[in-house]
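I opened this model to look up what surrounds the ligand and where the charged side chains pair. My notes are below the structure.

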Amino acid sequence: MPHSMRAIEITEPGGPEVLRMVERPTPQVQENEILLAIEASGVNRPDVLQRMGMYPPPPGATDIPGLEAAGFVAAVGKEVSNIKVGDKICALLPGGGYAEYATVDAGSCLPVPSGFTFEQAAGLPETIFTVWANVFDDGDLKSGETLLVHGGTSGIGVTAIAMAKAFGAKVIATAGSDEKCEACRTIGANAAYNYRDCDWDKDIAEKGGVDVVLDMTGGDFVARNLNCLNPGGRHVSIAFLRGVEASVNIFTIMQKRLRLSGSTMKSRALSEKARLARDIEKKVWPHLESGKMPITTDEVFPLDQVAEAHKRMESGAHIGKIILKTR
Ligand SMILES: NC(=O)c1ccc[n+]([C@@H]2O[C@H](COP(=O)([O-])OP(=O)(O)OC[C@H]3O[C@@H](n4cnc5c(N)ncnc54)[C@H](OP(=O)(O)O)[C@@H]3O)[C@@H](O)[C@H]2O)c1
């Protein structure tokens with residue numbers, strides 16, 4: 001094992017130019033961890049927030065950004081029995097994906113689905129764990145129900161559309177342009193609204209409403225989401241791109257018996273991530289491997305062009321996942 005590795009450091013809070021390639025010591029595995037020799041990693045919006053100094057890594061985690069990666073297992077800790085050196089793995093990381101090696105709890109690892117390249121597999125964990133935990137676990141979306149997802153062409157959005165469709169739900173998406181709405185329909189959404197130029201909530205409510213909302217917008221959209229929800233509906237918050245504060249009508253919540261919840265994936269306990277991983281491997285992996293749940297990759301950048309990858313994400317022009325190729 002090399003003593004040092006190439007990694008991307010955030011030199012100070014700021015724009016994409018603060019991302020710098022450096023040499024760092026190769027991390028050492030703890031008892032329950034594996035060392036992943038990373039072939040590719042995913043870029044996610046939380047990485048951009050971390051770069052800006054607005055979303056610090058959880059206590060004890062590396063300061064190297066990167067919440068997901070795929071590669072070969074290079075070493076295993078003493079307590080790890082279900083994974084061996086050489087296995088092809090993709091993993092949900094607490095950080096450290098923008099590097100040649102990362103350590104990760106064995107419970108947060110999944111096999112690379114058969115037929116998938118490392119670039120494809122690297123973009124799976126962060127969005128699939130988030131969508132599974134929020135839409136299916138907390139939101140309890142069932143076959144035959146309808147999901148509303150905003151940011152339909154975001155990394156989270158394309159995953160939510162594909163996953164909900166694979167499980168037999170209907171999906172309505174919103175996006176910020178007609179081209180993005182077309183992309184949402186191509187990915188599988190039953191309907192898509194350009195939220196900039198229509199009363200999407202009125203139209204959705206008139207056409208039968210929705211049962212679950214996966215919300216990354218917050219702000220003024222929350223009250224409009226609640227107007228779309230059917231009795232017994234569930235509203236799950238994962239971000240607040242339109243504002244952290246929302247004004248809602250409590251009587252609407254009472255009348256329709258709505259449930260509002262929210263969560264962050266990064267701060268969940270390792271035992272919780274391990275439970276999610278086992279559920280995902282059993283229930284979601286077969287849909288990936290059969291082709292029933294297609295994935296959408298926007299662009300692949302070499303690791304040393306990480307600043308370009310962040311610029312692409314911040315431009316908002318991407319459709320699907322942005323990936324870094326490590327080697
Ligand atoms: N809580 C969690 O555990 C968790 C985990 C992962 C990600 N997240 C959050 O989920 C969000 C999506 O993540 P991602 O990695 O998929 O990011 P992403 O690909 O950059 O997507 C962000 C999306 O938000 C939409 N958007 C931006 N500003 C908006 C606004 N003012 N109103 C409506 N839509 C707006 C954009 O779509 P348009 O161009 O169509 O506006 C874009 O598609 C991020 O906010 C991220 O922090 C949360």
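**Entry 1: ligand shell.** I noted to begin with that this is a predicted model. I listed the residues around the ligand and got 25, of which Gly176, Lys180, Tyr195, Met265 and His318 come nearest. By class, the shell holds ten nonpolar, ten polar and five charged residues.

Entry 2: I then looked for N and O atoms facing the ligand. His318 places a polar side-chain atom 2.7 Å from a ligand oxygen. A polar backbone atom of Ser263 is 2.8 Å from a nitrogen atom of the ligand. For Arg242, an N or O atom of the side chain is 3.1 Å from a ligand nitrogen. I also looked up the area: the ligand taken alone exposes 910 Å², and the protein buries 89% of that. Helix H1 (45–51), helix H3 (125–138) and helix H4 (155–166) are the elements that each give two or more residues to the shell.

Entry 3: Phe251 belongs to helix H8, which covers residues 250–256.

Entry 4: My search of the whole structure returned 22 salt bridges. I looked at Glu9 and Arg24, whose side chains meet at 2.9 Å, N to O. Glu9 sits in strand E1 (residues 4–10) and Arg24 in strand E2 (residues 19–25), so this pair ties together parts 15 residues apart in sequence. Is Arg24 buried or exposed? Arg24 counts as buried because its relative accessibility is 17%, under the 20% cut-off. Glu9, at 22%, is partly exposed.

Next I took the salt bridge of Lys325 with Glu39, at 3.8 Å from N to O. This pair links distant parts of the chain, 286 residues apart, with Lys325 in strand E15 (residues 321–325) and Glu39 in strand E3 (residues 33–43). Glu39 is buried at 16% relative accessible area, and Lys325 is partly exposed at 25%.

**Entry 5: salt bridges in and around a helix.** I checked Glu281 and Arg278, whose closest N and O atoms are 3.1 Å apart in a salt bridge. What separates them along helix H9 (residues 270–283)? They are three residues apart, so about one helical turn lies between them. Both partners are partly exposed, Glu281 at 31% and Arg278 at 35%.

How values were computed
Residues are numbered from 1 along each chain as its sequence is written. This is a predicted model: local features need pLDDT of at least 70, side-chain atom pairs count only at pLDDT 80 or more; totals for chains, interfaces and linings use all residues. Side-chain values use heavy atoms; hydrogens and water are left out. A residue is near a molecule or strand if one of its heavy atoms lies within 4 Å of it. A polar contact is a pair of N or O atoms within 3.5 Å; within protein, one must be able to donate a hydrogen and the other to accept it, and residues adjacent in sequence count only if both atoms are side-chain atoms. Accessible areas come from the Shrake-Rupley method with a 1.4 Å probe; for residues, only the protein chains shown count as cover. Helices (H or I, at least four residues) and strands (E, at least two) are DSSP runs, numbered from the N terminus. Ala, Val, Leu, Ile, Met, Phe, Trp, Tyr, Cys and Pro count as nonpolar, Asp, Glu, Lys and Arg as charged, and the others, Gly among them, as polar. A salt bridge is a side-chain nitrogen of Lys or Arg within 4 Å of a carboxyl oxygen of Asp or Glu. Buried means under 20% relative accessible area, exposed over 50%, partly exposed in between (1.4 Å probe, protein chains only).
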